[in-house]
Amino acid sequence: MVFMVDGQKVGFYISLGLIVFVLVLAGVILKPIILSIFTGMIIAYVLKPVNKRILKFVKEKNTASLITCFLLLLLVVVPIWFLMPFITRQIFNAYLFLQKADFGTAFKQFFPFSAEISTDFYALINTFINKLANSLLSKSTSLILNFQSILLHGIVIFFVLFFTLRDWDSLYNYLKTLSPLSAKTEELFFHKFEEVTHSILFGQIIVGIFQGLIAGIGYLIFGVSNALSLTLLSIFFGIIPMVGPAIVWIPVSLFLFVHGETTQAIGLFVYGLLVVSTIDNILRSWIVSKQIKINAGIVLIGMIGGLYVFGILGLLLGPLILAYSLIILDLYRNKQI
């Protein structure tokens, strides 16, 4: 009898060790592409409403998912592919301009402090601008050199996107079966997860991208040099809470004014104030009005931490992970876990 009990324990530990070994091995295999997998799933979440509409017409999941994926390629990936040489050239031109530009005169004109304070502030700003220029050039060069790796990650994203769209309901139900929570808590848990994801993804990221693109249209309308580079910067700052594209279009307006392009400067400033900022307020309040409103400080901290850990994708993953952690802590605090 003792031997049987010991035999059962040995069998249990062997099975447990085998499970852990297989999971660790799977983790090692997936580690290089885990961010691509997350990216594909996040894009699938964004395109889920589009896929549902297509499915109503074609009545077949494989076809609907394939159409959705190719629509993404056609509307986003293909234009970026053809614009990439132009974007690279714009970034290089912006780098050369920032290296040669003298912002000292403009700075002293708008901020007439004492000579010593003015010099210190200018040195600080000049250092920031040079680092930003070097970073832009470094990132663009890295994209070109790592093309093969980027292509492989793109293929992973495409296949994850396709299968996630096709099997969304099955995947959702499978995740629910893994949950150790009660049915009521489980429903609340998944509902809050969806609300938080929607709030951050659409209310912060998508609105920020759209706002940056609107600012980019303003740069083109008023004939600003390196409009594409400035648009990319506006998109980047647009998704960061409490910052926004104003950190780009306001200095550009001042720069135009100092260099005698008064009409363009005033036009861009008014456009940014009335169009870019207004669209941000309208869209953000409309999208997030029925969702959980995430504290901007949490989103900002999550983005900064995520940027350090995950790179550019961390701007999304960071705040999501923090928000999910707060949901779990809140459920635990209310004795629902």
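**Ground rules.** I am working from a predicted model, in which local features need pLDDT of at least 70 and side-chain atom pairs count only at pLDDT 80 or more, while totals for chains, interfaces and linings use all residues. I number residues from 1 along each chain as its sequence is written, and I take side-chain values from heavy atoms, with hydrogens and water left out.

**Salt bridge.** I then asked what Asp 167 meets, and found its side chain in a salt bridge with that of Arg 166, at 3.0 Å from N to O. The term covers a side-chain nitrogen of Lys or Arg within 4 Å of a carboxyl oxygen of Asp or Glu. Arg 166 is at 25% relative accessibility and therefore also goes down as partly exposed. The structure holds 1 salt bridge.

**Overall make-up.** I counted 13 helices and 0 strands in the chain, where helices (H or I, at least four residues) and strands (E, at least two) are DSSP runs numbered from the N terminus. Of the 337 residues in the chain, 32% are buried.

**Aromatic pairs.** I found 7 aromatic pairs in the structure, and I kept in mind that rings of Phe, Tyr and Trp (its six-membered ring) pair if their centres lie within 6.5 Å, with planes under 30 degrees apart counted as stacked, over 60 as edge-to-face and the rest as tilted. Because Phe 70 sits in helix α3 (residues 61-100) and Phe 158 in helix α6 (residues 147-166), the pair ties together parts that are 88 residues apart in sequence. Phe 70 is partly exposed at 46% relative accessibility, and Phe 158 is partly exposed at 22%. In the second pair that I looked up, Trp 249 and Phe 269 have ring centres 5.7 Å apart and planes at 70 degrees, so this pair is edge-to-face. Trp 249 belongs to helix α10 (residues 246-258) and Phe 269 to helix α11 (residues 262-288), so this contact joins parts that are 20 residues apart in sequence. I noted Trp 249 as buried, at 3% relative accessibility, whereas Phe 269 is partly exposed, with a relative accessible area of 36%. Ring pairs also link Phe 70, Phe 158 and Phe 159 into a cluster.

**Nonpolar surface.** Which element gives the most to the nonpolar patch? It is α3, with 8 residues. The patch is about 950 Å² and includes Val 50, Phe 57, Ile 67, Leu 75 and Met 84; for patches, residues need over 30% relative accessible area and no salt bridge, with like charges joined within 9 Å and nonpolar side chains (Val, Leu, Ile, Met, Phe, Trp, Tyr) within 5 Å. The elements that give two or more residues to this patch are α2 and α3. I checked Leu 75, which lies in helix α3, and found that Leu 75 counts as exposed, at 63% relative accessibility.

**Positive surface and Lys 59.** Lys 52, Arg 53, Lys 56 and Lys 59 gather in a patch of positive charge on the surface. I placed Lys 59 in the loop between α2 (34-58) and α3, and Lys 59 is exposed at 65% relative accessibility. I also noted its backbone, as Lys 59 has a positive phi of about 65 degrees although it is not a glycine. Most residues other than glycine have a negative phi.

**Thr 263.** My last entry concerns Thr 263, which is found in helix α11 and is exposed, with a relative accessible area of 70%. From C-alpha to C-alpha, Thr 263 and Phe 222 are 8.8 Å apart in space, and they are 41 residues apart in sequence.

How values were computed. Buried means under 20% relative accessible area, exposed over 50%, partly exposed in between (1.4 Å probe, protein chains only). Accessible areas come from the Shrake-Rupley method with a 1.4 Å probe; for residues, only the protein chains shown count as cover. Lys and Arg count as positive and Asp and Glu as negative; His and the chain ends are not counted. The place of a charge is taken as NZ of Lys, CZ of Arg, CG of Asp or CD of Glu.
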